[in-house]
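Good morning. Please have the sequence and the structure on your screens.

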Amino acid sequence: MLKETYEVKPLNKEVNTPWAIEVPGSKSITNRALLLAALSDRKIKISGALFSDDSRVFMEALKTLGFDVLVNEEEKYAVICGLDKKIPNNNISVYVGSAGTAARFITAMLAFSGGKYTINASAQMEKRPMKGLFDALIMMGAKIKCLKADGCLPVEIMGISESKVKTVDLDISESTQFLSALMMTKKMLKNAGDIKINVISKRKTGSYVEITKKVMEDMDKCGSEYRVEPDLSAAAYFYAAAFIAKRKVVVKDVHFDTMQGDINFVKLLVNMGATAVDTKDGIELSGPDGDFFGTDVYMKEFSDQALTLAAVAAFAESETKITGISHIRGQECDRIEAIRSNLTALGCKVEEIEDGVVIRPGKLHGANIETYEDHRVAMSFALVGLLVPGVVILNPMCCKKTFENYFDILGKLQ
């Protein structure tokens, strides 16, 4: 167990051994597979599943609802007995922790259950947006009562088994998870085939919606077992580490034909000077031969990597402009502010703009990294410490949300 702080160990400059890394299964795919397995008409084994705070809270929520969930963390699988769109316990309280996927997916699931529920969440999740999803569910006939702040958890929810509306309007400007939630759960309704989802926001889809479509298709065909891909978001930290350290890394079983949109981060590193080859073991990335320059990139479809790119940008020879990420202010923390405050503490100059940031590299030095209880802040800015002595991560174990042994792996890099 890590202490309350973690000082990153700089890499040994005399060593140039290639890295071979194994990362956990995808959180996004794991939680989608868990939901779809529960709604299926059969027993499904989910292999390669992620075991982290987010996925565990999802599994516990399913158990609370009465589903039979068998878990084997050592062998990285879970077995869920689906009950053909039925929920055993129809009047109970459910806890979704800080998991956005659990919060959004289970809310929609319960709205179409015909039962009565209370949904509770962590203090962090209580601040995250839910209104777009609530509005759509209410339009369809569900009754939702917010118990604290309007448009946020916790709520009391009275579900329906059939909707009187043929078209439901949905705003996904704050989160595409709202659309994924409806896509996966509306089949619970008796008249599901008659209901169309009308996305009314400027944003109509996204890379995670495409993941939802692919997982839905694959789960329909999988029979009794579904295998989860390694998490590209997790892999990206090690590709970024190799890039700034000018080293070579292979992340096991990560390939260019992945369904995950964060593969765009690997392609971005290639555009910035890396080389990448898809081998039988996984994508092998080598950092640039010499100095590299900043970039101007629109990151809406892989915005989880905005923080990772910010850490990389600190080492560039010119400024980096990241746009399309205004929505990350409403995630686990205000991630744009986290970029500004932490890079400023490390010696960069950062300008917040309407939908992103401009990062101007400076003379880097050690600093305490405030993580704001956000796993991606902790994991991203730890990368700076691989090259800069004195980088200390505060509350490092917030990484348990998606990658609980991240610092164990990072600490073994030489």
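In which sense do β18 and strand β19 pair, and over how many bridges? β18 and β19 (residues 356-360) pair in the antiparallel sense, over five bridges. Within this pairing, Ile353 stands opposite Gly356 in β19.

Some housekeeping. This is a predicted model, where local features need pLDDT of at least 70 and side-chain atom pairs count only at pLDDT 80 or more, while totals for chains, interfaces and linings use all residues. Residues are numbered from 1 along each chain as its sequence is written, and side-chain values use heavy atoms, with hydrogens and water left out. Helices (H or I, at least four residues) and strands (E, at least two) are DSSP runs, numbered from the N terminus. Two strands pair if DSSP finds at least two bridges between them.

Back to the sheet. It is open, with four strands in the order β16-β17-β19-β18 and mixed pairing. The edge strands, β16 (296-298) and β18 (349-353), each pair on one side only. On average, neighbouring strands here are turned by 15° against each other, direction ignored. Angles run from 0 to 180 degrees between N-to-C directions, and axes are lines fitted to C-alpha atoms, for helices over the stretch in contact.

Helix α10 (residues 306-313) packs on this sheet and touches β16, β17 (320-323) and β19. Contact means heavy atoms within 4.5 Å. The direction of α10 makes about 170° with that of β17. Helix α11 (residues 335-346) also packs on the sheet, touching β18 and β19, and its direction makes about 165° with that of β18.

Now another helix, α6 (residues 177-185). Is α6 enclosed or open to the outside? Nine of its nine residues are buried, so α6 is largely enclosed by the rest of the structure. Buried means under 20% relative accessible area, exposed over 50%, and partly exposed in between, with a 1.4 Å probe and protein chains only. Those buried residues pack against several elements, including α1 (27-39), α5 (131-140) and α7 (207-221).

Another partner of α6 is α3 (residues 100-111): the two axes come within 9 Å and cross at roughly 40°. That makes α3 oblique to α6; angles under 35 degrees count as roughly parallel, over 145 as roughly antiparallel, 65 to 115 as roughly perpendicular and the rest as oblique. On the α3 side, the residues in contact include Phe105 and Met109; on the α6 side, they include Phe178 and Met184.

That is the end of my part.
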